Amino acid sequence: PLVGHCDDGSFIHCSYRQAVAVTGRLTCSSPSLQVIPRSTGIREAFVPPSSDYIIAPIDLSQIELRLTAHYSEDPILLKAYRENEDIHSRTAAEIFGVTIDQVTSDQRYIAKPINFGIIYGIGPGRLAATLDIPVSDAKNYIDLYLTRYAGVYAFMEKYKKLAQKNGFVQNYFGRIRHLDFLKKRGIEEWQRERGYRQAVNFVIQSTAADMFKIIMLRLHKLLLGKKSKMVMNIHDEIIFYVHKSEFEMLVPIKDAFETGWDFKVPIEADVCLSTKSWSHKKSVDI
C-alpha cells in the first residue's frame, strides 16, 4: 500500500496530528508510518534522498523508564541510571537475588518485559503469556519487583490516589488528562482499574511525548537554512536526512535531545546511521 502514497519523486508525505492521542503523542496517517514493523524488511524502502545524504534515526534511550526513575525517586533505579548500569540486568539481579555480574541471559530476558510493562499495569496473565511461563511464576516476579523497587510502587499508588481524588492527573509539563469517572462511587472494578492504569501511563508517556515536541522545536531552529532535514517522527524516534557536508551537525542535534532538562537522571540519545536505509541503521557514538 505504500506505493500508492508516493508522489512523482517516490516520496511519501504522511499527515501528523496533535489532537488525537490523549497522551499528546503525534499520530500519523495517510499512511501511518508508526506501524511499520522492523521484522518484515519494509523499512528497507525508506532510504536517503540521494548519495549526498545519510539517514539518521535518533531516539531517547529508555525514556519512559528514565522518567519512572525521576518520578518515583526509587534509589535502585536512580543509582542504575546515574552509574550507567544495564537496567534489565539490574532488575534481574534484584528479582533473583544475585549480583549484577551473575545475571544470566535467561534472567535478563525475564526482567526486560517487567521493566517495560510494570508502570502500564502488566498483570501475571499477560507476563506469563509473554514469557511462556506459569502464571504463578509471573505473579511472583511482579511481586518481587514491587518489593525491591518500593519507590516505583509508591509512585504508582500516589497517582492512582490523585486521579481518584481530583478526577485528573498532570504530566511534568502541566498537560492534563481528565479521569472524572474515577470520582464516582458506583463504577465497576474493571473501570476503576483501567482508570488507574491510564493515570500512571499518562504521567510517563505524555511527559515523553511533550519532550519530543520540545526537541522538535529545538531542531527546527537548529536546522533552519541547513541542507540536513528532520523528516519523520515515529513515537520515540526522530529520523533525519543528514547531508554529508554537515556531518558535524550530529553533535548539536544529539545535544538537542539530551540537554536542557531538569530530571533526576541523565537523558541520553541513541544515534544510528545508515547510507542504505532505515532498516540498515547501526548505532554509533557521537
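Modeller: The radius of gyration is taken over C-alpha atoms, and the globule rule is 2.2 Å times the number of residues to the power 0.38. By that rule a compact globule of 286 residues would have a radius of gyration near 19 Å, and the protein, at 21 Å, agrees. The model is predicted: local features need pLDDT of at least 70 and side-chain atom pairs count only at pLDDT 80 or more, while totals for chains, interfaces and linings use all residues. Residues are numbered from 1 along each chain as its sequence is written, and side-chain values use heavy atoms, with hydrogens and water left out.

Colleague: What does the C-alpha trace span along its principal axes?

Modeller: About 55 × 50 × 40 Å. The protein has nine helices and nine strands (DSSP runs numbered from the N terminus: H or I of at least four residues for helices, E of at least two for strands). Of the 286 residues, 46% count as buried, that is, under 20% relative accessible area with a 1.4 Å probe, protein chains only.

Colleague: How much space lies in the largest pocket?

Modeller: Rolling a probe the size of a water molecule over the atoms shows where empty space is left. On a 1 Å grid over the protein atoms alone, a pocket is an open set of points with protein on both sides within 12 Å along at least five of seven lines; a cavity is a set where a 1.4 Å probe fits but cannot get out; lining residues have an atom within 4 Å of a point. A volume is the space filled by probe spheres set on the points, which are joined across faces, edges and corners. The largest pocket holds about 590 Å³. It is lined by 25 residues, and Arg25, Arg38, Asp59, His235 and Asp236 are the closest to its centre. Helix α1 gives the largest share of this lining, three residues.

Colleague: Which classes of residue form the lining of the largest pocket?

Modeller: Ten are nonpolar, six polar and nine charged (Ala, Val, Leu, Ile, Met, Phe, Trp, Tyr, Cys and Pro count as nonpolar, Asp, Glu, Lys and Arg as charged, the others as polar). The second largest pocket, of about 480 Å³, has 21 lining residues, with Ser10, Phe11, Ile12, Phe46 and Tyr241 the closest to its centre. Its lining divides into 18 nonpolar, three polar and no charged residues.

Colleague: How many cavities of 30 Å³ or more are there?

Modeller: The count is one. The volume of the largest cavity is about 80 Å³. Helix α8 (residues 189-223) supplies five residues of its lining, which also includes Arg25, His235 and Asp236.

How values were computed. Buried means under 20% relative accessible area, exposed over 50%, partly exposed in between (1.4 Å probe, protein chains only).
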